Structure formats: structure tokens, C-alpha cells
Amino acid sequence: MNAKKVAFYTLGCKLNFSETSTIARSFKNEGFERVDFSEKADIYVINTCSVTENADKRFKTIVKQAQKANEDAFMIAVGCYAQLKPEELAAVDGVDLVLGATEKFKITDYLNDLTKNDHGEVHSCEIDEADFYVGSYSIGDRTRAFLKVQDGCDYKCTYCTIPLARGISRSDKLENVLNNAAEISAKGIKEIVLTGVNIGDYGKGEFGNKKHEHTFLDLVKALDEVEGIERLRISSIEPNLLKNETIDFVADSNSFVPHFHIPLQSGSDAILKLMRRRYMSDLYVDRVSRIREVMPNACIGVDVIVGFPGETEEHFLETYNFLNELDISYLHVFTYSERDNTPAAEMDGVVPLKVRKKRSKMLRGLSAKKRRAFYESQLGNVKTVLFEGENKEGYIHGFTENYVKVKAPWNPELVNTLHEIKLTEIDGDGLVRFEFTQEAVAV
């Protein structure tokens with residue numbers, strides 16, 4: 001008998017990608033064959049996100065895409081949107097099963113009956129029941145893996161639904177993280193990206209309660225000793241949780257690369273207070289200055305939200321000027337969108353959508369300028385590049401340790417190899433050209 005086929009689609013963040021990968025492995029253990037989402041499958045699993053309005057809307061489009069491939073397929077929704085609005089997803093035409101935060105990792109327990117339903121069946125929980133930890137990591141792109149170390153969040157930012165979708169802050173045991181890292185290393189993967197909802201909070205919930213033995217710095221130090229991993233990259237980390245000791249350790253570490261992504265959200269202290277962020281803009285300046293002091297060539301990325309309720313033109317210009325003067329490398333710009341059951345959705349001073357879009361466009365322009373300036377500052381430097389596995393219009397791409405994106409004519413032999421290169425010029429598409437120095441660092 002032929003194995004049943006399953007396909008996956010992931011919306012949202014690196015954390016979702018790591019969890020999809022783990023869920024996919026549980027299907028493989030049950031004898032399923034994984035196929036591409038564009039192919040005909042017996043089951044389609046969509047891992048949803050609810051950070052932006054756009055992610056909500058895309059869900060229906062993805063369901064239709066799966067129905068085109070096989071209108072009789074069994075359709076399952078998991079993830080943040082499935083926890084926040086299960087009934088809404090269950091009502092979408094074609095959806096058969098919706099699993100909330102505690103159920104998604106038990107997905108194969110629900111596969112005894114794959115009969116299509118007129119209305120999706122919902123298995124979700126009260127979010128305070130999501131108090132246990134399930135470790136996961138992604139292996140899809142051969143060159144890097146996303147390793148989940150933490151889940152949930154205890155912060156109460158006024159615009160955010162993540163605590164409602166993922167529950168309290170909790171962490172994996174250090175031993176488990178190290179075992180997962182070793183498994184990834186054994187598969188020949190050269191780079192691990194640490195991921196979670198609030199990874200700087202690592203350690204909390206290590207024993208199922210707030211007691212913990214380890215800190216984020218302990219985690220970083222222990223991972224730095226794992227053999228076979230050439231690169232470790234910290235994904236997003238809150239500025240108030242990025243301590244000097246961690247920055248200094250990364251500067252001298254064996255494997256951690258000089259790349260930080262630090263959410264700011266606003267350069268105006270008045271807006272930061274409305275958002276209930278846990279720092280003011282001067283602390284952010286301090287973090288950037290410290291990184292620049294010990295790692296002058298580090299790449300520093302920034303998250304920023306425009307159009308938050310109460311953001312006047314003066315507040316926005318304060319943010320724009322703050323970022324313009326700051327020595328950072330690129331921005332991820334989010335246009336504020338109202339989310340149900342958040343304090344911000346009830347706030348006065350709603351910014352018109354047209355104004356939000358205009359501000360977003362201005363900051364995206366600033367990001368392009370910042371990235372170009374950062375790339376220009378790196379020309380002439382000798383760096384190490386890790387090449388990706390995709391042929392993009394006759395070119396192979398890769399990233400240096402400090403996140404400069406480079407390109408060269410396609411050569412399959414370069415895939416998943418590290419090479420020492422000298423950055424020479426910026427191409428017409430904004431990517432960097434290079435010359436090889438002597439030889440591959442590791443193959």
C-alpha cells in the first residue's frame with residue numbers, strides 16, 4: 001500500500017518554521033511521505049500566524065491553493081491564529097481540523113478519521129493550559145537550521161497577541177537544547193539560528209515553573225562548545241535582555257556571529273510608554289554603542305512599528321531621526337494593525353491607514369539607505385561566506401558572518417560550503433560581488 005502523503009505551509013516567523021519541521025517529523029514517524037505544498041497530498045497542514053492582518057488574510061488563499069491540488073484532501077490548521085480564533089478558521093470552506101497551542105504537537109493522534117467535514121472540528125485549550133514545553137528545530141534549508149530554545153512571553157506589550165496565542169514564557173532544558181544542536185550538527189548543517197518568542201528570557205520555566213538554573217548567557221556559552229557547528233546566530237532579542245556580558249562573549253566566541261536583531265518598535269519614549277515596552281530609547285542607544293565598541297563590523301537589524309495609536313507626525317519624525325542617526329544596518333518595518341483583545345485596539349488617536357502606509361514607505365526607504373551604507377562599509381574586508389542551496393536566475397547567494405548578502409554565478413559545488421572571500425563591489429541589484437581568497441574554510 002502506498003504511504004499517505006502530507007504537505008506543509010508555514011506562515012510567520014522562524015519559530016513557526018522550526019515547529020513545522022518538528023510536526024513534519026512526527027508524520028514521517030507515522031509512515032507518511034512528505035511532499036511539496038504545490039503537489040497532490042492526502043493531508044495539508046497550515047501553520048498559521050497572527051502577528052499581522054495580512055497573515056490572517058493569506059490563510060484563505062493558501063487553503064484554496066491546496067484545494068486546487070486535491071479538493072478531497074484533509075485540511076488541518078495549527079499555530080497562533082488557530083489558538084486565537086479557532087472557530088473563525090474552522091468556518092473556512094475546506095478546513096477539517098483546527099488544533100490550538102497545546103494540541104498541535106499531538107497532531108498525529110487526530111488522524112484516525114480523515115473524513116471530510118462540513119465544518120472544521122476544533123481542539124483548542126485555554127491559553128493558561130499552554131504551560132509545557134515542546135522542543136523543536138527546522139531542517140529544510142541544508143545550510144541553516146532554526147533551533148527553538150524558548151516559547152511564550154510574560155511581557156504585556158499593548159499591541160501584541162503572542163501571549164494570548166502562545167502562553168507564558170517557558171524554556172527548554174539546556175541538556176535538550178545541546179542534544180538538538182548536536183543532532184543538527186550531525187546532519188552536516190553549518191549554521192544554527194536560535195529562535196523563540198522572547199529568547200533573552202531563556203531559562204524561565206525550565207522546570208515547569210518560574211524557577212530556573214540557567215540564563216541566556218549560560219545557553220550561549222554552552223552552545224559555543226558544540227562541535228561541528230560553524231556558525232551560531234542569535235535571532236531577535238529584546239534590548240533590555242541583551243546584556244553587556246552576552247555582547248562581550250559573542251565578540252570573542254568560537255561560533256557566534258556578529259549579527260544582532262534588536263526590536264526597537266519606536267524611537268519616541270512617549271510611544272514606547274504607550275506600547276508598554278520595558279526600556280526607553282536611551283537604553284537602545286547604549287546597546288548599539290556597546291556592540292559597535294566591541295564588534296565594529298557587526299550587523300544590527302531593528303524592528304519598528306509605524307502608525308501606533310497616538311503616534312503624531314512629531315512622534316514619527318522623532319523615530320525617523322533617531323534611526324537615521326543610529327549606526328544600524330537595516331530595518332524590519334511593520335505597519336500597525338489592530339488586533340482583537342489588545343489594549344492598543346481600544347486606544348484613542350487612531351492613525352489613518354493612508355498615513356500609516358506613508359510612514360512605512362519612508363522607513364523602508366531609510367532601511368534601503370542604511371543597508372547600502374553598511375554594505376559599502378564592508379567593501380575591501382575579508383569575510384567568510386556560507387553559500388545557500390538555491391539557483392536564483394543563474395546565481396548562487398550566500399551570507400557572510402555579519403549578514404552581508406553576496407552573489408556569484410551558479411555553481412552547485414559551492415552549496416553548503418564556507419569560503420573565505422574579499423568583498424569587492426555592490427552590484428546593480430544591491431547585492432555584493434566578491435573575489436575568492438585562497439581556499440574553502442570547510443566543506
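A residue counts as buried when its relative accessible area is under 20%, as exposed when that area is over 50%, and as partly exposed in between (1.4 Å probe, protein chains only). This is a predicted model, where local features need pLDDT of at least 70 and side-chain atom pairs count only at pLDDT 80 or more, while totals for chains, interfaces and linings use all residues. Residues are numbered from 1 along each chain as its sequence is written, and side-chain values use heavy atoms, without hydrogens or water.

Start with helix H6, residues 174-186. Helices (H or I, at least four residues) and strands (E, at least two) are DSSP runs, numbered from the N terminus. The buried residues of H6 are Leu174, Val177, Asn180, Ala181, Ile184 and Ser185. Seen down the helix axis, they fall within an arc of 140 degrees, taken from the directions from the axis to the C-beta atoms, so they line one face of H6. Glu175 and Ala186, on the other side, are exposed. The cover over the buried residues includes strand E7 (144-148), strand E10 (191-195) and H7. Just after H6, Gly188 takes a positive phi of about 80 degrees.

Now turn to the largest nonpolar core. Such a core is a set of buried Ala, Val, Leu, Ile, Met, Phe, Trp, Tyr and Cys residues joined through side-chain atoms within 4.5 Å. This one has 51 residues, and Leu147, Leu194 and Leu219 are among those with the most contacts inside it. Its largest share, five residues, comes from helix H7 (residues 216-223). Leu194 is in contact (heavy atoms within 4.5 Å) with residues including Leu147, Leu219, Leu223 and Phe256, leaving aside neighbours within four places in sequence. A second, separate core of 22 residues includes Ala41, Ile46, Val63 and Ala90.

Definitions and conventions:
Expected span 1.5 Å × (residues − 1).
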